[in-house]
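The report that follows is meant for a reader meeting this structure for the first time.

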Amino acid sequence: MNALRALEQEVLQEGREYTRRLLETRLQEQVDRIGALCPYSGLLLKEVSYRPLVLLSVAGELHLKAAYGYSHSQGIWLTPARVAWGLAPGQRTSPELQARIVETASACGSFEKAARTATLWGSPLSDDLVHAQVQKVGRRLVENPATDPPPPARNSKFSMVLMMDGWMVRERGRDWGKKRRRPGQCRVKWHEVKSAVMFGLEDQATTEGGRGWLIDKHVVLREPQTQPLVFGKAVQTEALRRGMAEAQEVYLVMDGALWLWCLREDRFKDTTPVLDFHHASQHLWALAHHRFGDRTEEQQAQARAWVEPLLHDLRHGKENRVIRTLEELLLTREGRQKKVRTEVNYFKTHRDHLHYQAVGQRGGPIGSGAVESLCSQLQNRFKRTGQFWTRSGLRHLLAVEEAIRNRDFDPRCN
């Protein structure tokens with residue numbers, strides 16, 4: 001081993017041991033001051049004994065001795081120091097270590113990697129402990145979601161952007177773990193996680209390379225099989241917390257999924273609806289390839305010659321002309337084909353959601369890149385090779401992800 005590295009590690013270990021002893025001493029002083037008084041009534045506990053209290057901290061394992069007794073006012077046995085520090089019964093992990101574990105598990109691709117990363121910053125942990133802490137904190141976040149009042153109204157006028165989408169995740173089926181494969185077995189199930197992102201229109205910046213960047217954003221994540229209306233209510237609640245009621249205009253940008261637009265009717269009727277331009281162009285290209293084919297260069301050229309003027313018109317304020325062109329197809333022999341009818345009806349359904357030039361002139365978004373990016377980031381954490389989730393495990397880690405991304409995760413409270 002490199003001599004410099006060896007010396008650095010030696011000094012770091014000495015510093016860690018010094019920190020552990022100092023923390024242990026100061027905590028024992030607090031324990032002694034708290035004594036055997038009931039933290040609820042202020043009366044002395046009955047049948048007091050002094051028992052070992054072991055805490056696993058960032059600096060290492062702490063060994064304390066604390067009073068334990070019976071509280072007549074509460075009708076329970078308790079350790080006053082645990083109550084004073086906000087520790088749950090039986091909790092052996094310090095709040096600071098717990099916070100670091102949870103945030104590391106959120107950032108890493110697996111609980112095993114989180115445990116290895118913790119070792120690098122001086123706290124050797126097992127992946128089982130990491131998993132347990134994430135589940136514990138996630139369960140608490142699910143049971144006690146953030147309900148703080150909306151932030152103060154902004155001094156200047158602002159607009160808000162809401163984007164919603166879904167992405168698929170693997171869950172364990174009823175036959176998960178069975179080695180013998182048989183017809184009809186359900187080893188793996190794919191379900192959709194519903195996601196939303198919201199931000200102020202003014203909370204955007206551009207990097208030196210010209211790439212867009214959101215300065216401030218908030219998310220809503222819900223487990224598979226959450227009812228769309230329940231998800232919509234959660235998004236509306238979070239948007240109100242973030243100042244939607246004070247926004248001058250609210251842009252709602254989504255793809256063409258039916259459940260998303262039903263949510264608009266249920267919860268976001270007063271927003272400015274925008275069909276994601278990329279999805280709209282995909283549908284036009286799908287229709288072009290259906291009409292002319294895409295196997296030969298000639299077919300591709302014909303499809304391009306038909307679709308590119310339509311895309312230009314769609315982007316530059318002539319969406320009504322595009323709709324008319326598509327409706328005219330229904331009057332031809334091609335209009336009898338199911339694919340043609342489906343694509344034309346898609347644009348007729350969204351005719352009021354295609355005002356891209358008008359939205360762009362007001363500085364609004366015409367694409368749902370922010371939520372697509374969010375889904376991609378989440379899939380990178382939740383859909384790696386070998387990851388097959390239980391519903392509770394997925395629910396709790398999603399709650400942790402949401403709280404951390406929204407800055408609702410307060411290590412002092414969690």
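## Terms and basis

A residue is called buried under 20% relative accessible area, exposed over 50%, and partly exposed in between, with a 1.4 Å probe and protein chains only. This is a predicted model, in which local features need pLDDT of at least 70 and side-chain atom pairs count only at pLDDT 80 or more, while totals for chains, interfaces and linings use all residues. Residues are numbered from 1 along each chain as its sequence is written, and side-chain values use heavy atoms, with hydrogens and water left out.

## Salt bridges

Where a side-chain nitrogen of Lys or Arg lies within 4 Å of a carboxyl oxygen of Asp or Glu, a salt bridge is counted, and by this rule there are 25 salt bridges. One of them joins lysine 269 to glutamate 265 at 3.8 Å, N to O. Glutamate 265 is partly exposed because its relative accessibility is 44%, whereas lysine 269, at 53%, is exposed.

Arginine 20 and glutamate 24 form another, with their closest N and O atoms 3.2 Å apart. Both residues are buried, and both lie in helix 1 (residues 3-34), four residues apart, or about one turn of the helix; helices here are DSSP runs of H or I with at least four residues, strands are runs of E with at least two, and both are numbered from the N terminus. Arg20 and Glu24 also belong to a network of salt bridges with Glu17 and Arg21.

## The sheet and its helix

Five strands make up an open sheet of mixed pairing, in the order 8-5-4-9-10, where two strands pair if DSSP finds at least two bridges between them. The edges are strand 8 and strand 10 (272-275), each of which pairs on one side only. Strand 4 (residues 159-172) and strand 9 (residues 249-254) run parallel and are joined by five bridges, and leucine 162 stands opposite leucine 252 of strand 9.

Helix 7 (residues 258-267) packs on this sheet and touches strand 4, strand 5, strand 9 and strand 10, contact meaning heavy atoms within 4.5 Å. The direction of helix 7 makes about 140 degrees with that of strand 4; axes are lines fitted to C-alpha atoms, for helices over the stretch in contact, and angles run from 0 to 180 degrees between N-to-C directions.
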